[in-house]
Amino acid sequence: MSLHIGDTAPDFTVDTQNGEISLHDWAGDSWVFFFSHPADFTPVCTTEMGRTAQLASEFDKRNVKPLGLSTDTAEEHVKWIEDVNDTQNTNLVFPIVADADLKIAKLYDMIHPDQSETAAVRSVFIIDPDKKIRLTMTYPMSVGRNFDEILRAINALQFSDKHGVATPADWREGKDAIIPPSVSDEDAKARFPQGFTTLRPYLRTVKID
């Protein structure tokens with residue numbers, strides 16, 4: 001099953017090291033950072049789980065709930081988390097989906113046969129409070145994720161939603177945004193009384209504090 005941006009994230013009920021959760025109920029009114037891993041007790045995954053735990057306050061202030069997935073059992077997750085906490089100097093408390101039967105990994109197309117028949121690649125799904133998939137990323141097993149980019153992308157999504165704008169390449173908070181071409185100059189003047197810069201008729205930038 002291939003999932004696209006704008007699709008409703010498939011719901012599921014599954015065991016985690018923190019007990020059973022149902023995705024949509026657990027998410028509530030929060031955003032979700034759902035990310036998969038090939039297996040417990042693997043090196044790159046250990047650093048990624050640790051980094052997510054270290055960034056707990058950053059996810060909290062963005063109203064984002066992290067949710068991991070690994071193709072092992074909840075009992076194995078508990079043992080692995082001890083290693084994560086010890087080697088990465090953190091305290092991992094977010095749930096990790098137990099997916100030993102690969103049911104969720106297959107539901108979210110996380111198994112790429114050229115990589116492995118039984119281990120999930122490093123998939124990322126950013127899911128909004130309406131349970132819509134807003135962004136996806138897929139990394140191979142050998143490449144750890146860039147968490148600066150994950151947070152930057154969440155910032156951009158939330159900023160765009162709030163202000164009705166788009167964000168340019170390498171956008172970060174405090175930088176100019178882009179007025180979508182679908183917004184007329186007349187509407188843009190009403191929406192952005194601070195003014196905007198027209199570089200081309202299709203490329204208008206605006207500063208939003």
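What follows is a working chat about a predicted model of a protein, its domains, its ring pairs and a few of its backbone details.

Colleague: Before we go into detail, how many helices and strands are there in the protein?

Modeller: The predicted model has seven helices and 10 strands, and its C-alpha trace spans about 60 × 35 × 35 Å along the principal axes. Of the 209 residues, 48% are buried.

Colleague: And what share of the contacts with a separation of 6 or more comes from residues 24 or more positions apart?
Modeller: Such pairs account for 64% of those contacts.

Colleague: How is the protein divided into domains?
Modeller: Domain 1 covers residues 7-160 and domain 2 covers residues 164-206, and the centres of the two, taken over C-alpha atoms, are separated by 33 Å.

Colleague: What do domain 1 and domain 2 bury between them?
Modeller: They bury about 660 Å², of which 56% is on carbon and sulfur atoms. On the domain 1 side, Arg152, Phe159 and Ser160 supply 72% of the area buried against domain 2, which is more than any other three residues supply. In terms of contacts, five residues of domain 1 meet nine residues of domain 2.

Colleague: Switching to aromatics, how many pairs does a search of the whole structure find?
Modeller: The search finds 10 aromatic pairs. In one of them, Phe34 and Tyr108 are edge-to-face, with 5.1 Å from centre to centre and 90° between the planes. Phe34 belongs to strand E3 (residues 31-37), whereas Tyr108 sits in the loop between helix H5 (103-107) and strand E6 (122-127), so this pair ties together parts that are 74 residues apart in sequence.

Colleague: Are Phe34 and Tyr108 buried or exposed?
Modeller: Phe34 is buried, at a relative accessible area of 0%, and Tyr108 counts as buried as well, because its relative accessibility is 1% and the cut-off for buried is under 20%.

Colleague: Which ring does Tyr108 pair with at 80° between the planes?
Modeller: That is Phe125, and the pair is edge-to-face because the planes are at 80°, with the ring centres 5.1 Å apart. Phe125 is in strand E6 and Tyr108 in the loop between H5 and E6, so here the parts tied together are 17 residues apart in sequence. Phe125, like Tyr108, is buried.

Colleague: Which residues do ring pairs link into a cluster?
Modeller: Phe33, Phe35, Phe59, Phe94 and Phe147 are linked in that way.

Colleague: What lies over the face of Trp26?
Modeller: Lys65 does, at 5.2 Å from the ring centre.

Colleague: Now helix H4, what span should its 15 residues have?
Modeller: Helix H4 (residues 74-88) should span 21 Å at 1.5 Å a residue, and the distance of 20 Å between its end C-alpha atoms agrees with that. Its buried residues are Ala74, His77, Trp80, Ile81, Val84 and Gln88, and the elements covering them include strand E1 (13-16), helix H2 (43-54), strand E4 (64-70) and strand E5 (96-98).

Colleague: Which residue follows H4, and what is its phi?
Modeller: Asn89 follows H4, with a positive phi near 55°. Most residues other than glycine have a negative phi.

Colleague: Where is Phe41, and what is its phi?
Modeller: Phe41 is in the loop between E3 and H2, with a positive phi near 55°, and at 44% relative accessibility it counts as partly exposed. Another residue with a positive phi is Asp170, near 60°, which lies in the loop between helix H6 (147-163) and strand E8 (177-179) and is exposed, at a relative accessible area of 68%.

Definitions and conventions
Residues numbered from 1 in each chain as written. Predicted model: local features only at pLDDT ≥ 70, side-chain atom pairs only at ≥ 80, totals over all residues. Heavy atoms only, no water. Phe/Tyr/Trp six-rings, centres within 6.5 Å; stacked < 30°, edge-to-face > 60°. Helix = DSSP H or I, 4+ residues; strand = E, 2+ residues; numbered from the N terminus. Buried < 20%, exposed > 50% of the residue type's maximum accessible area, 1.4 Å probe, protein only. Lys NZ or Arg CZ within 6 Å of the ring centre and 35° of its normal. Expected span 1.5 Å × (residues − 1). Contact = heavy atoms within 4.5 Å. Domains from an automatic or database assignment. Buried area = accessible area lost by both parts, 1.4 Å probe.
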